[in-house]
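Thanks for coming. I will go through one model today, and I will keep it short. Please have the sequence open next to the structure.

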Amino acid sequence: MSRSRSLSVATGPYAPSAPARTLTAVSADGAPLHVEVHGPEDAPAVVLSHGWTCSTAFWAAQIRELAGEHRLIAYDQRGHGRSPASPACTTDALADDLEAVLALTLAPGEKALVVGHSMGGMTVMAAAARPRFREHAAAVLLCSTGSSRLVAESLVVPLRAGRTRTWITGRILGSRAPLGPVTPLAMRILKYGTMGAGSAPHMVEACARIVHACPRAVRHAWAGVLAALDLDHGVRQLQVPTAVLHGACDRLTPPVHARALADALPHCVGLTELPGVGHMTPIEAPGQVTARIRELVTTHVTGTTTGTVTGSRSTPVQDIKEGA
């Protein structure tokens, strides 16, 4: 059993389900990627791209709820979960990896909803202009993510915005220090930095077990990429219908990022704010994230509803605030 699996939650809604198939995608530079497929082969496809320090286990709640009627394709970003570490840590590599997963798991021309959380959303932005992405993406859901100024806008350090806060934040997020075992203190620290104050203990434990399983060298390497991130151009190239969802109490990628994305996207089909929720939206608000995925699949992948949005930037952004 891999370290990521051994540290995952063993029971309950956040326990990873056994996949119907396990595959290995090979990226452009030869990097192997662990891929899991859940659900019926003939069901509408949803591709799940997780965030920094996470793994396929992060999507356990969504997979558990949706796999009966959807084909869920989840993969471990390079260096995370069961995907080996790679010296290539760039946004281009993230885009290459997503293209490799799409090529391996979808038939030519087959459409899917692509869901990205945090660094997974940045992966989608990096791939926005890629031919393989445009061939397969029917719509996108961006959860708790941003395209630039991640360290400068972060609220993890409770200081006034400026050079001092940015410097301290960068040092914290980019630390090489081991996270150690999942202790009550470690969970309190993780909860403060990444989750809403009202997050239930079992949610905090699930996040801690996933995050603590990420090798510290991988965590450090990708932190440097995120600190220098500038994917504003990728947002403008994301031509498919794209929904944005964020937690109102997100300290890592505060709501300013979500609103900037909604304003810049050529075809934004909704901005959903979840009160009381932090950065870990798929775990903190599993029902709301799952419902948004289901809605986007029905509207943009299977086309079985009558309310499909067909406009571009003239389409009004749906700004929804949901109870957590």
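Start with F58. Setting aside neighbours within four places in sequence, F58 contacts H117, I210, M280, P282 and I283. Remember that this is a predicted model.

Where does F58 lie? F58 is in the loop between β3 and α2. Is F58 buried or exposed? It is buried, with a relative accessible area of 1%. For a distance across the model, take F58 and G162: they are 104 residues apart along the chain, and their C-alpha atoms are separated by 32 Å.

What is the phi of T53? It is near 70°, which is a positive value in a residue other than glycine. T53 counts as buried because its relative accessibility is 5%, and the cut-off for buried is under 20%.

S144 is not a glycine, yet its phi is positive, at about 50°. The residue is found in the loop between β6 (137-143) and α6 (150-153). S144 is buried, at 1% relative accessible area.

Now the nonpolar cores. How many residues does the largest nonpolar core have? It has 53 residues, and those with the most contacts inside it are I73, L98, V124, F133, V140, W222 and L238. Take V140 from that list. Residues up to four places away in sequence are not counted here, and V140 touches L113, V114, V124, F133, L238, V240, P241, T242, A243 and L296.

Last topic, the cysteines. How many disulfides does the structure hold? The count is 0. A disulfide is a covalent bond between the sulfur atoms of two cysteines. C214 is in no disulfide either; its nearest cysteine sulfur belongs to C54, at 8.2 Å. The cut-off for a disulfide is sulfur atoms within 2.5 Å. C214 is also buried, with a relative accessible area of 6%.

That is the end of my list. I can go back to any of these residues on the screen.

How values were computed. Residues numbered from 1 in each chain as written. Predicted model: local features only at pLDDT ≥ 70, side-chain atom pairs only at ≥ 80, totals over all residues. Heavy atoms only, no water. Buried < 20%, exposed > 50% of the residue type's maximum accessible area, 1.4 Å probe, protein only. Helix = DSSP H or I, 4+ residues; strand = E, 2+ residues; numbered from the N terminus. Core = buried A, V, L, I, M, F, W, Y, C linked by side-chain atoms within 4.5 Å. Contact = heavy atoms within 4.5 Å.
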